[in-house]
Structure formats: structure tokens, C-alpha cells
Amino acid sequence: MKLSRVVISDTAVVIPPLPITSADIEEQLKPTYERLRLPEGRLELMTGIECRHFWEPGFLPSQASAEAGQALLEKSSVAKSEIDILIHCGVCRDRMEPATAAYVHGLLQMPPSCQILDISNACLGFVNAMILAGGLIESGQIRHALLVSGENGRPLLEHTIQTLLEKDLTRNGIKPYFANLTIGAGAAAMLLSRDDLAKAEAPRLLGGAVRTDSEANKLCQGDSIGMDSLEMLTDAEHLLDAGIALAGETWKAFEDELSWSQSTPDCFVCHQVGRTHQRRLFDSLGLDRSKDFTTFETMGNVGSVSLPFTFHQARQAGKIQQGAKVALMGIGSGLSCAMLGVEG
């Protein structure tokens, strides 16, 4: 798809207040580590994740999203009355019904004219929302779209630790649970606008490509097992292989759509899974890893929040200068892959 009139007016992020290191998690899992004779430091060594952050128990996704949304609105020149749609993009939701966006709308005191909906597509939900809201702006149906996501992996992490301590699992038996130990929490917000209603220097969405491989839809499956708990089982090795293959197909379509090459982007912003995923992705696509900006080391995998969070942090760190070409690259279980070009 191509876009010509959509810009990113503003972004904002929230880092939860409670850091938990990989060493802290291994300390909780000490009985399991000792029984299976697993070396200390294994979690950080394999993933590159030193730390992740969480909120206090009971903190809702809508509260996280609203914090990010409020941080954006406080610095934005766009009035609430001008925002035509609010989309909540997270894996985590307050409940099945109503839409979590309804709670965020209330917390932010958005006007009645602002329509609401949730978009959920594993780790790719935020990018999907950028594409759909961008299309609404491009077609002239709306002026501004506020996208928010608040992810909280704490219930999943705590349930996984309990499971690994209580079940008599073998080394192979713990593999489907390993990815859960990389999950973190955080929130992000983004305001998309029609270009004539935003600052001239706002980063512009150029378009991109999407691909789907539903043959891989059973490789990572998560289910709710209660109000405050989650469980997820992941065939990490096959999921990585399938994800890299799908990324290769998407990258080819992305290059064709934007007339870019491997050397065109000045910066890459990817969904943040961990060190192995980053290395495999860049090596398989023949991309320059020195152009990648990462946050997984201190945030872990924050689901749909990871990509917009990392984009915000890259701009704050000065890694995306005016006029720079940026490739946003996301993969979500299912499998779904989307890549968007941005001119910073």
C-alpha cells in the first residue's frame, strides 16, 4: 500500500515503575534451575534481555494506555475535539466487552464525536492500527487518529514461574514456556494526522507491505485462565524459522512497493523479541545491524507496544534525524508481518 498524506504528529511512551531483572527471575526459579542443572545467567545470555518493567498488580491495560495518551495530549497542539478516532491496539485488554478503548476514552475525557474501537493482532496490533487509521486519513474520512496500547506481561510471567516451579518438567518440557520469561510491560501512544494539519517536520508515512502465513497459527497460542492470569505456549524454534521466512517475503514486497533497497533505510525499528531474533532477521535479509535501534535489553518483549515505543526512543536519542528514511518492521504470531516506510 502507498500513503501520501499521513504524518506522525506526536508520540509518547510510559515505562512502568517496577524493574525486574533476568537475574531476579532466575532467583525465583532457583529450585527448577537446580533440579535441571541449568546455569545461572542463561536467560540473559540467550535473549540479551537484562531487565523488564511492570506495574503493580491490578493495574489495567486501559490505565496504561490512558497514561501514554495523556502524556501525548499534554504536549500536542491538536485539540481533543479534532481527534476523530481512538484505537486501542494491545494484546492485553481490560475484559472481553466492552472495548478497552471505551475505558481509555473515558479516562482521557475524549469528546462524544470521537469513535472508538480495539484492534488486536498479537504483537502487530499497533502497526495494523497505523495502516487502517492511515487509510482513513488518506481517504479523507478523518483528520486525526489517536492510537494507544498498554501491555502488562506480569500475570503471564507470574503464572509461568508458578508453573515451572510446580510441574516436574524436563529440559525439553520447559521450552514452550521460555518465551514467556522475556515478556515485559509498557505503554505507547501515537497521533496520526493529515499532513496539512500537522507540523511540517512531522515524520511522514510512505506506505509499505503486509504478508500473512496462517499455516503457522498454532506455533504461539495464548489463553486467559482467569481474570488476572494468562498462559502461553510457544514453539519458539519453529516460530522463529517461520517468522524469518515470512519477513523475507514481506521485505521483497516492501522494497518493490517503495522502490527501496537494503541500503536505503537510515534506521531500522523492529518489534523487540530478543538478541537471537534480531540477529537472524538482519542476517537473513542482508541488512546492516548497525542501523538497528533496540530496546529489548532494558524492556524485554512488550507485545504491541514494542515497535512504537522503540520508534519514540530512537527519535529521542537522535537516531532518527529530519529527512531520514526509517523501516518499521513488525511480526506477530499468527503469523502476520507488516513493514512500513517512514521519512523522518
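**Residues and rings in a predicted model**

Modeller: In this predicted model, T47 is buried, as its relative accessible area is 7%.

Colleague: In which helix does T47 lie?

Modeller: The residue T47 falls within residues 42-47. That run is helix α3.

Colleague: Which residue has its backbone oxygen 2.7 Å from a polar atom of the side chain of T47?

Modeller: Beyond four places in sequence, T47 touches F178, T182, G274, R275 and F296. The backbone oxygen in question, 2.7 Å from a polar atom of the T47 side chain, belongs to L43.

Colleague: Is C270 buried or exposed?

Modeller: C270 lies in strand β11, which spans residues 267-270. Leaving aside neighbours within four places in sequence, its contacts include L281, F282 and M329. Buried means under 20% relative accessible area. The value for C270 is 4%, so C270 is buried.

Colleague: How far apart in space are C270 and V78?

Modeller: In sequence, C270 and V78 are 192 residues apart. From C-alpha to C-alpha, their distance in space is 28 Å.

Colleague: How is the aromatic pair of W251 and F254 classed?

Modeller: The structure holds 5 aromatic pairs. In the pair of W251 and F254, the centres are 5.2 Å apart and the planes are at 40 degrees. Planes under 30 degrees apart count as stacked and over 60 as edge-to-face, with the rest tilted. The pair of W251 and F254 is therefore tilted.

Colleague: What is the relative accessible area of F254?

Modeller: Both W251 and F254 lie in helix α9 (residues 236-258), 3 residues apart, or about one turn of the helix. W251 is buried, with a relative accessible area of 3%. F254 is also buried, and its relative accessible area is 0%.

Colleague: How are the rings of F268 and F282 arranged?

Modeller: Their centres are 5.3 Å apart and their planes stand at 85 degrees. The pair links distant parts of the chain, with F268 in strand β11 and F282 in helix α10 (residues 275-285), 14 residues apart. F268 and F282 are both buried. Because of the 85 degrees between the planes, the pair is edge-to-face.

Colleague: Which domain does the UniProt annotation place at residues 259-339?

Modeller: The span is 32% helix and 22% strand, and its end C-alpha atoms lie 13 Å apart. The unreviewed UniProt entry annotates these residues as "Beta-ketoacyl-[acyl-carrier-protein] synthase III C-terminal".

Key: Residues are numbered from 1 along each chain as its sequence is written. This is a predicted model: local features need pLDDT of at least 70, side-chain atom pairs count only at pLDDT 80 or more; totals for chains, interfaces and linings use all residues. Side-chain values use heavy atoms; hydrogens and water are left out. Helices (H or I, at least four residues) and strands (E, at least two) are DSSP runs, numbered from the N terminus. Buried means under 20% relative accessible area, exposed over 50%, partly exposed in between (1.4 Å probe, protein chains only). Contact means heavy atoms within 4.5 Å. Rings of Phe, Tyr and Trp (its six-membered ring) pair if their centres lie within 6.5 Å; planes under 30 degrees apart count as stacked, over 60 as edge-to-face and the rest as tilted. UniProt positions are given in the numbering used here, feature names are shortened, and annotations may be inferred rather than shown by experiment. A polar contact is a pair of N or O atoms within 3.5 Å; within protein, one must be able to donate a hydrogen and the other to accept it, and residues adjacent in sequence count only if both atoms are side-chain atoms.
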